[in-house]
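This report describes selected features of a protein model. Please keep the sequence and the structure in view while reading.

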Amino acid sequence: PVDLAGVAIEARNAENKTLVFNLSAEPLVVLPTAYRLANNYPNPFNPQTTIAFDLPEAHDVRLAIYDIRGHLVTELISEPMAAGSHTIVWNGTDRSNRRVASGVYFYQILAGPMKDTKRMLLVK
């Protein structure tokens, strides 16, 4: 591999103005262009599942788990988060760190203009 850190490329635009592009050894970070709450995986799951989501902008994020009756089971995230792709693992426990029963659960995200809810199944 060739190390291109510190190399500059100079070009001209249609109006003959100089454009300079500096190359870097830093990895390129590509931010998401849309809000997205992914399906958890695996689903069904036991004993844990991963939830992924994308934020094109930094926001306060709340990600919570609810049971089939709509009662709050636990809150996985309640904090400001940077733009980017994020994942969090739920280990099938409630707010008191007790294992929850088999069944259908819902995970809901609130982040800026995004509000989305998806279903998952815990099997024992």
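## The position of Ala 38

Between which two strands does the loop that holds Ala 38 lie? The model examined here is predicted, and in it Ala 38 belongs to the loop between strand E3 (36-37) and strand E4 (49-55).

Ala 38 has a relative accessible area of 11%. Because buried means under 20%, Ala 38 is buried. Apart from neighbours within four places in sequence, Ala 38 is in contact with Ala 52, Tyr 107 and Lys 118. Ala 38 and Thr 18, in turn, are 20 residues apart in sequence, and their C-alpha atoms are 43 Å apart in space.

Strands of a sheet pair through backbone hydrogen bonds, in a parallel or an antiparallel manner. In this model, four strands form an open sheet in the order E6-E5-E8-E9, with antiparallel pairing. Strand E6 (72-81) and strand E9 (114-122) stand at the edges; each has a single partner strand, so one side of each is left without a neighbour in the sheet. On average, and with direction ignored, neighbouring strands of this sheet are turned by 15 degrees against each other.

Strand E8 (residues 103-111) is joined to E9 by nine bridges. Tyr 107 stands opposite Lys 118 in E9, and both of these residues are in contact with Ala 38. In the hairpin of E8 and E9, two residues lie between the strands, and Gly 112 takes a positive phi near 55 degrees. Strand E5 (residues 59-67) is joined to E8 by seven bridges, and Leu 63 stands opposite Ile 109 in E8.

## Salt bridges

Side chains of opposite charge can pair when their charged atoms come close. The model contains four salt bridges. In one of them, the side chains of Asp 54 and Arg 36 meet at 3.0 Å, N to O. Asp 54 lies in strand E4 and Arg 36 in strand E3, so this pair ties together parts that are 18 residues apart in sequence. Asp 54 counts as buried at 11% relative accessibility, whereas Arg 36, at 39%, counts as partly exposed.

Asp 67 forms a salt bridge with Arg 69, with the closest N and O atoms 3.4 Å apart. Here Asp 67 is buried, at 14% relative accessible area, while Arg 69 is exposed, at 64%. Asp 94 forms a salt bridge with Arg 98, and the closest N and O atoms are 3.1 Å apart. Asp 94 is buried, at 16%, and Arg 98 is exposed, at 52%.

Methods
Residues are numbered from 1 along each chain as its sequence is written. This is a predicted model: local features need pLDDT of at least 70, side-chain atom pairs count only at pLDDT 80 or more; totals for chains, interfaces and linings use all residues. Side-chain values use heavy atoms; hydrogens and water are left out. Buried means under 20% relative accessible area, exposed over 50%, partly exposed in between (1.4 Å probe, protein chains only). Contact means heavy atoms within 4.5 Å. Two strands pair if DSSP finds at least two bridges between them. Axes are lines fitted to C-alpha atoms, for helices over the stretch in contact, and angles run from 0 to 180 degrees between N-to-C directions.
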